[in-house]
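Subject: Handing over a structure, with notes

Dear colleague,

I am passing on to you the structure shown below, and after it you will find my notes on what was found. Please keep the picture open while you read, and look up each element as it is named.

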Amino acid sequence: MKQILGALLLIVSLLSCGGRQSSPQAGGDTLQLKYASLLTIVQHDGYTEAVIRNPWKEGRVLHSYLLVPRGQALPEGLPHGSIVRTPVQHAAVFTTVHCSLLTTLGLGERIAAVADLKYIKIPYVQQHVRDGHIADCGGGMNPAVERIIDAKPDIIMLSPFENSGGYGKLEDIDIPLVECAEYMEPSPLARAEWMKFYGLLFGEYDKADSLFQVVDQHYQTLKAQAAKAGKGREALIDKMVGSVWYVPGGRSTLGQMVRDANGRYPWAADDHSGSLSLPFETVLEQGGEADVWFYRYSSDHPTNYRELLSEHRGYDQLKACRQRQVYACNVEQALFYEETPFRPDYLLSDFILLLHPDLLSDASLRYFTLLDE
């Protein structure tokens, strides 16, 4: 009876944690990560274990990967996880940001297939798709599985989402799905540090680690300069989408960057890591007197004040608009989404220039431009 009860308890335990272990295999050498909190990497004899913590379910594992060198027999007693033979030679990449990172690391030739091509504004990728060297697998939500199979990728890199319901047919084709969850990290540098994991996958850890050291040092230098400059201007970020203004929360990446740039932010005390859905009246009341306003938009042409004011009749009540201190980033022209996740130092530089206009005399804005009349 006790044996039956013990077996039942074991089954319940496995079901309660999704059938996945909650921590890496004991032993081995843990790779020290400076900022990343969702990722644990442990090097064992014959393989490397990478465990991604579930950002939506406390104490649960999103995915475990076992990186085993090519040509080597699988070690005995491997723990649970998806086996990835390294270095990865060919990858199907479903996001523009990871395509950008791979090309930055000199690994563009490893991209075998992409999804959502219309959102990938990387000349290398676009040209190689036209030349037939990279397969266009259609939309990321419903990709052409046959094209992916024909491209023979070693892995499929995609972004996980809460309650997504899984990946459909992609889960049936026996190609490891690398869930790129770095966007759920709590800070800009924590997100950027995931480039070390991707470097391990592609056999270029040293190159990725060196790049991250550059990013970290530059970010910290900029942050220290802003701290010495005293409190900067107050910022208002983004704009209305329909009837709602999605204001970055105080603990969001953008909210934290305002703090690291030593600027003032109307929602600095807010503890949300995502966005707040607010009506215009609330934004006007709390942030209407902000000194500078910067936002992102998508268009085939540069916008101006006349076009901006035509979008919402209340914009002219904002101090930054009245004083012509509005800056915009056209994501169709600037590589904002491609670069900033792994180069947060670039974005912090822009924030400092916007919040401390006289501080970085030798720098210029990379993503934002002052609106024309």
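In what order do the 5 strands of the open sheet stand, and is their pairing parallel or antiparallel? The order is 8-7-6-9-10, and the pairing is parallel. Strand 8 (135-136) and strand 10 (177-179) stand at the edges, where each has a single partner strand, so one side of each is left without a neighbour in the sheet. Please bear in mind throughout that this is a predicted model.

Within this sheet, strand 6 (residues 91-93) is joined to strand 9 (residues 155-158) by 3 bridges in the parallel sense, and there alanine 91 stands opposite isoleucine 155. Helix 2 (residues 96-104) lies across strand 6, strand 9 and strand 7 (111-114), and runs at about 165° to strand 7.

After helix 7 comes glycine 230, whose phi is positive, near 85°.

A further group of strands can be read from strand 16 (residues 326-330), of which 5 of 5 residues are buried. In a regular strand the side chains alternate between the two faces of the sheet. In strand 16 both faces are covered, with Val326, Ala328 and Asn330 on one side and Tyr327 and Cys329 on the other. Strand 16 runs parallel to strand 15 (residues 292-297), to which 5 bridges join it, whereas it pairs with strand 17 (residues 369-370) in the antiparallel sense over 2 bridges. Alanine 328 takes part in both pairings, for it stands opposite tyrosine 295 and has threonine 369 as its bridge partner in strand 17.

The structure holds 1 cavity of 30 Å³ or more, and the volume of the largest cavity is about 30 Å³. Its lining includes Ile237, Leu254, Tyr295, Phe351 and Phe368, and strand 15 gives the most to this lining, with 3 residues.

With best wishes

Notes. Residues are numbered from 1 along each chain as its sequence is written. This is a predicted model: local features need pLDDT of at least 70, side-chain atom pairs count only at pLDDT 80 or more; totals for chains, interfaces and linings use all residues. Side-chain values use heavy atoms; hydrogens and water are left out. Two strands pair if DSSP finds at least two bridges between them. Helices (H or I, at least four residues) and strands (E, at least two) are DSSP runs, numbered from the N terminus. Contact means heavy atoms within 4.5 Å. Axes are lines fitted to C-alpha atoms, for helices over the stretch in contact, and angles run from 0 to 180 degrees between N-to-C directions. On a 1 Å grid over the protein atoms alone, a cavity is a set of points where a 1.4 Å probe fits but cannot get out, and a pocket is an open set with protein on both sides within 12 Å along at least five of seven lines; lining residues have an atom within 4 Å of a point. Grid points are joined across faces, edges and corners, and a volume is the space filled by probe spheres set on the points. Buried means under 20% relative accessible area, exposed over 50%, partly exposed in between (1.4 Å probe, protein chains only).
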